[in-house]
Amino acid sequence: MSGPAASRPLRSALRRLGGYINRNRGFYAIWLAATLAYVAAFTAIPRLVGHTIGLVDAGRPSDEIAASIGWLVAVTLASALVRFFSRTLVFNAAREIEYEIRNDIFEHLERLPQSFYARWRTGDIMSRCVNDINAVRLLLGVGLLNIVQTPILYVAVISMMLAVNVKVALMVLLPYPLFILIARTFGRSVHRWSLATQEGLADLSNQLQETISGIAVVKAYAMEGVTAERFAAGNQRLFHSQTRLVRANAAMPAIVMLLPAAATLIVLVVGGQEIVAGRMAKADFFTFVMYIYNLTFPTFIMGWVVALAQRGAASMQRIDELLSEQPSIADPPGLTGPETVRGDIEFRNVTFRYPGQDGRDPALRGVDLTIPAGTTLGVVGPVGSGKSTLASLIPHLYEVEDGQIFIGGDDINRIPLAALRRSIAVVPQESFLFSMSLAQNIAFGVPNAEPQAVLSAAAGAQLDKDVDELPNGYDTVVGERGVMLSGGQRQRTALARALAVRPQILILDDVLSAVDAETEADIQRELAEVFRGRTVVVVSSRVSAVRNADQIVVLDDGRIVERGRHAALMRQGGMYARLASEQAEEEALRGAVAEVAR
Ligand SMILES: Nc1ncnc2c1ncn2[C@@H]1O[C@H](COP(=O)(O)OP(=O)(O)O)[C@@H](O)[C@H]1O
Ligand SMILES: [Mg+2]
């Protein structure tokens, strides 16, 4: 499995980019034709100017001159029109591909397994989705435009010059190699400083974002001064690269004037001799100078374009790397299965290790378990014993290493993921709320939910009383990650979200850890109603949460060490009974402390 550090080969990145270009080949074919037409018209203009001046010089009749001027105007207009058309085409195609890549990345990200998100940093993924896509768009737009058009223009202009006068043409071209060198150095410097500016901006926005999210911690540790200094240092670096960029950009017009000046000087000297010797018409002098100016700008920006293309290619490599990450679990092709699944669950001798943990102890070993439809399983055990892991195997978030899992009598590998996940709702240990309204958070799994369904889901999760106290009730926007709510309210919102789906199978992973014992008891009572007719897996570190379950398993170090009902397990006097008495003591102590505090 390749981590973010391992880079994909350039060939693979270019092949992928080629695929996008190929899909838009219609665009590119027309664009190429337009480019040829543009270059033809553009290089014809100096010849027409020379021709017109020649007519004036020779004292030809004015209608002949007027006709020539007419041609000149027509060709100039045509070239402008074709230029507009071809640029629009290539820039639109670049936007189209940018749009396609962005959609592809997003869909891909949603298919990637959780192990991917453990390996990759969010900032890195974000920057590939924003900065790298941008760089690829520039490569496909300005980059491709110049890389294709400039050589064509060169060939056309040089052949035109040679056709006018071979000697002058060769002499005029002399300073170009030197100029290309200067332009490259300059282009690299512009590129380097604009990159540094971008990175500086990204660094500052990261710092800003982190400080704002962690402002409570910053203040609590009185670190305002230190964070401000760090910010100022980053800001200083940004300022430095920005001033360098300004300098490099300001140098551009100055350097751009050097080449045509030098080349014009050569035309004056060499061309002058040719004219005196009668080997060249006076008018051709103007033709040459115009050609020189035609070539100046494209030559000059070539250095920048090359740097841009290199950066675009590197960015495409980074995007390719992201898109090459394998979705670990996907339906095998041609899989047809039930639309929804029945609620009975069976684990047969399941052993599981997290991806990338080869050689370490498995997180689950030899787990055998049968949960009849409509019953409740309680899972308890110490921290790290594998409770959450067991819960995550039911919606097929991971592939098991050994053994089999059956849902509704079917092997889990034969059930389409969509059907499976439609029938199962998981309330994870760490719930996540989106910065939407409370109602939208609850209805997340059923986008067209009736308001009534939201209300009853909220009631089932004992959330309804809290809602009355929120400023806008169910329309309250809960803030980023739900900062507006308390920990217990967030957990109950997540529970309501799961209930709104009306799943066959409901999995609660330590959901009530952040609510007090009294609320827990209320929710338990309410949940008894919700649990009816559903298969429920209640994972908890607290024994009190599972005491009413039809079946309880105790996990230790990935193995089931005890199983049975509450009363039997208590009598057995093993790990379960020990956990229960420890927790009862804790609860009593907490009660006593609360009593004293009162
Ligand atoms: N995403 C993961 N990648 C690798 N190891 C993990 C991952 N999640 C949990 N583990 C490991 O698996 C074991 C069981 O974890 P978990 O199921 O979360 O325990 P519990 O929920 O009982 O506290 C622990 O040793 C933990 O470190
Ligand atoms: Mg857990």
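**Cores and helices**

Tutor: In the largest nonpolar core, which has 73 residues, the members touching the most others are Val-379, Ile-442, Ala-496, Ala-498, Ile-507, Val-537 and Val-538. A nonpolar core joins buried Ala, Val, Leu, Ile, Met, Phe, Trp, Tyr and Cys residues through C-beta atoms within 7 Å. Buried means 20 or more other C-beta atoms within 10 Å of a residue's own, with C-beta atoms placed from the backbone (exposed is 12 or fewer, partly exposed in between). This is a predicted model, so local features need pLDDT of at least 70 and side-chain atom pairs 80 or more, while totals for chains, interfaces and linings use all residues. Residues are numbered from 1 along each chain as its sequence is written, with chains lettered from A and ligands numbered from 1 in the order written.

Student: Which helix gives the largest share of this core?

Tutor: Helices here are DSSP runs of H or I, at least four residues, and strands are E runs of at least two, numbered from the N terminus. Six residues of the core come from one helix, the largest share, and that is helix 16 (residues 487-500).

Student: How are helix 9 and helix 10 arranged to each other?

Tutor: Helix 9 (residues 224-276) and helix 10 (residues 282-323) have axes 9 Å apart and pack at about 155°. Axes are lines fitted to C-alpha atoms over the stretch in contact, and angles run from 0 to 180 degrees between N-to-C directions. Angles under 35 degrees count as roughly parallel, 65 to 115 as roughly perpendicular, over 145 as roughly antiparallel and the rest as oblique. So helix 9 and helix 10 are roughly antiparallel.

Student: What percentage of the 598 residues is buried?

Tutor: Going by that same cut-off for buried, the share of the protein's 598 residues is 32%.
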